[in-house]
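Subject: Structure for you to look at, with notes

Dear colleague,

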Amino acid sequence: PNNNIAEHIFDKLVQMDADSRMIPGLATSWKALDDRTWEFKLRRGVKFHDGSELTAEDVAFSINRVPTVPNSPGPFSAYTKAITGIDIVDPYTLRFRTAAPHPLMPNDMSTIYIVSKKVATGATTEDFNSGKAAVGSGRYRFVRYVNGDRVEIVRNDGYWGEKPPFGKVTFRIIKNEPARMAALLSGDVDAIEQPPTADLARLKSDPKFTLTSKISHRVIYFNFDHLARSSPFVTGKDGKPLAKNPLTDLRVRKAISKAINRPAIAERVMEGQATPSGQLVSEKLFGHVPGMKAEAYDPEGAKKLLAEAGYPDGFNLTIHGPSGRYVNDEKIVQAVAQMLTRVGIASKVETAPMGPYSGRASKQEFSFHMVGWGASTGEASSPLRSLLATFNRDKGLGAVNWGRYSNPK
C-alpha cells in the first residue's frame, strides 16, 4: 500500500509498463559503460511539486538515503547495495560504480523513488506522513493523509509526462471486505481494489461495474523456522516441546509441501483468482523457469516422509498468518491447517494485523508462517535476494528471510 500511494506522488529513474517491461522514467536512457559502471541520463526540466528542479544531486541523495531510513519494515537496501559509488558527471548525468558486474541495475532502479534533497534531508517518517517532506515530481501532489482513513492527492499540472485525467483523487482506506464492497455498491466510492472473491460473480453480472484483473508480481508462501532450537510453536502429540526442531529436516518440509493442496486453494478459497506456483515469479516475468511445476498434492507421500523422518504420528503445530493484508489470507491459513492436520500434523491457527504480525515474524518468533512477496523489479532476483539469500544486513541480503534459511552451497 505504501508503494501504491508513492507511485502517484514520486517518480523513479526507470518505470515499468503494465506488462512489467522497463521503460524510461526520470532517466531517458541508461547504458553500461564497462563491466562495473552504469550511466543514466536524466530528463531535463523536471520540477518537484515545490517548483525546484530535479537534478542528479537529488537522485544521488535518494539512493544514498535508502539504508538510513529508520525502522523500515521492508528495507529497499537489496536494490542499492551493489552501488559502491555515485559520480555526478553533470546535473543530468550520473554514473553508478559497482564492485562486480551488475546487469540488474535498471531493474533495481525501478524500485527507488526519487525525493528532493532539499526537502528530505533530515526528514522523518512523520514528516512524510504529514506532507512536509512528501514533495515528489509525480503526476499528483500530496494534500492530506489521515491515518487509517484516507489519502488525498491533486493533479500536478506541471507534470513532465502525460497528464492524468482526474483533478483530485481520494484513496479511502477500508480494511473490512464487506464494508469495502458496500461502499462500491452504494456509490460511496468509484472503484475498489481486491474485491471480495465471493462477490466477483455478482459484480460480473451487473453491467454498471467493470472488473479488471492481471496476474500480479506477488507470490504467497510459507516460511519454515530453520533455526536449530526447540521451535516455539511445535510440540509433540503430548503437548510438550520437542528438543529438536523437526522443520530443519528436509523430509518434514517436503511432507508439509505435499500435504498442501494448492489447486484447491486456488479454485475454492481464491475463487479462481490465484494460480498454483512452484517458483517465485509467474510465467510473465523474467526468471520464470518453464516446466517447474508446483508440488503435487500427495497426502500419502507426506505421511510416508513424516514416518521416515521419525514422526510417524506427526506433531502439533501452530500456523501464524496475517489478517487483512492479502486477499483471503486468513482463509488460506485455515485451509492449510486443515490439510496438515489430515496428514498427522495437528495444526491450529493464530492471525494478527500485519503491523504486529510482521514485527514478530521478523524476530523469528514463529515456527511456520504465511507471508507474501511482490517481485517489484519485475524479475526473479528480487525474491531470491530478499527471501532466500542468507540473512546479511551488511550486504543487504535476506532482508525478509524471516525463517533464516541458509544454504551456503
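The notes below go from the whole protein to a few single residues.

Before the findings, please keep in mind that this is a predicted model, in which local features need pLDDT of at least 70 and side-chain atom pairs count only at pLDDT 80 or more, while totals for chains, interfaces and linings use all residues. Residues are numbered from 1 along each chain as its sequence is written, and side-chain values use heavy atoms, with hydrogens and water left out.

The whole protein

The protein holds 13 helices and 16 strands, where helices (H or I, at least four residues) and strands (E, at least two) are DSSP runs numbered from the N terminus. Its C-alpha trace spans about 70 × 55 × 40 Å along the principal axes. The radius of gyration is 23 Å, which agrees with the value near 22 Å that a compact globule of 409 residues would have; this radius is taken over C-alpha atoms, and the globule rule is 2.2 Å times the number of residues to the power 0.38.

How much of the chain is buried? Of the 409 residues, 44% count as buried, a word that here means under 20% relative accessible area, with exposed meaning over 50% and partly exposed lying in between (1.4 Å probe, protein chains only). The protein exposes about 21,100 Å², and carbon and sulfur atoms supply 51% of that area; accessible areas come from the Shrake-Rupley method with a 1.4 Å probe, and for residues only the protein chains shown count as cover.

If you take the contacts (heavy atoms within 4.5 Å) between residues at least 6 apart in sequence, 61% of them join residues at least 24 apart. As for charge, the mean positions of the 55 positive and 43 negative charges are 2 Å apart; Lys and Arg count as positive and Asp and Glu as negative, whereas His and the chain ends are not counted, and the place of a charge is taken as NZ of Lys, CZ of Arg, CG of Asp or CD of Glu.

Residues in the loops

Ser 20 is found in the loop between strand 2 (14–16) and strand 3 (22–24), and although Ser 20 is not a glycine, its phi is positive, at about 65 degrees. Because its relative accessibility is 17%, Ser 20 counts as buried. Which residues does Ser 20 touch, leaving aside its neighbours within four places in sequence? They are His 217 and Leu 285, and with the side chain of His 217 the side chain of Ser 20 makes a polar contact of 2.6 Å. A polar contact is a pair of N or O atoms within 3.5 Å; within protein, one must be able to donate a hydrogen and the other to accept it, and residues adjacent in sequence count only if both atoms are side-chain atoms.

Leu 13 sits in the loop between strand 1 (11–12) and strand 2, and it is buried, with a relative accessible area of 1%. Beyond four places in sequence, its contacts include Leu 26, Phe 40, Phe 96 and Met 109.

Ser 137 lies in the loop between helix 5 (125–130) and strand 9 (140–146) and, at 1% relative accessibility, counts as buried. Its side chain is joined to that of Asp 11 by a polar contact of 2.7 Å. Other residues that Ser 137 touches, again not counting those up to four places away, include Leu 26, His 49 and Trp 160.

Pro 322 lies in strand 14 (residues 316–322), and its relative accessibility of 0% makes it buried. Met 370 is 48 residues away from Pro 322 along the chain, yet their C-alpha atoms are separated by 7.2 Å, and Met 370 is among the residues in contact with Pro 322.

Is Tyr 405 buried or partly exposed? At 27% relative accessibility, Tyr 405 counts as partly exposed, and this residue lies in the segment after helix 13 (381–388). Its side chain makes a polar contact of 3.1 Å with the side chain of Asn 407, and among the residues that Tyr 405 touches beyond four places in sequence are His 226 and Leu 388. Arg 404 lies in that segment after helix 13 as well, has a positive phi near 65 degrees, and counts as partly exposed at 21% relative accessibility.
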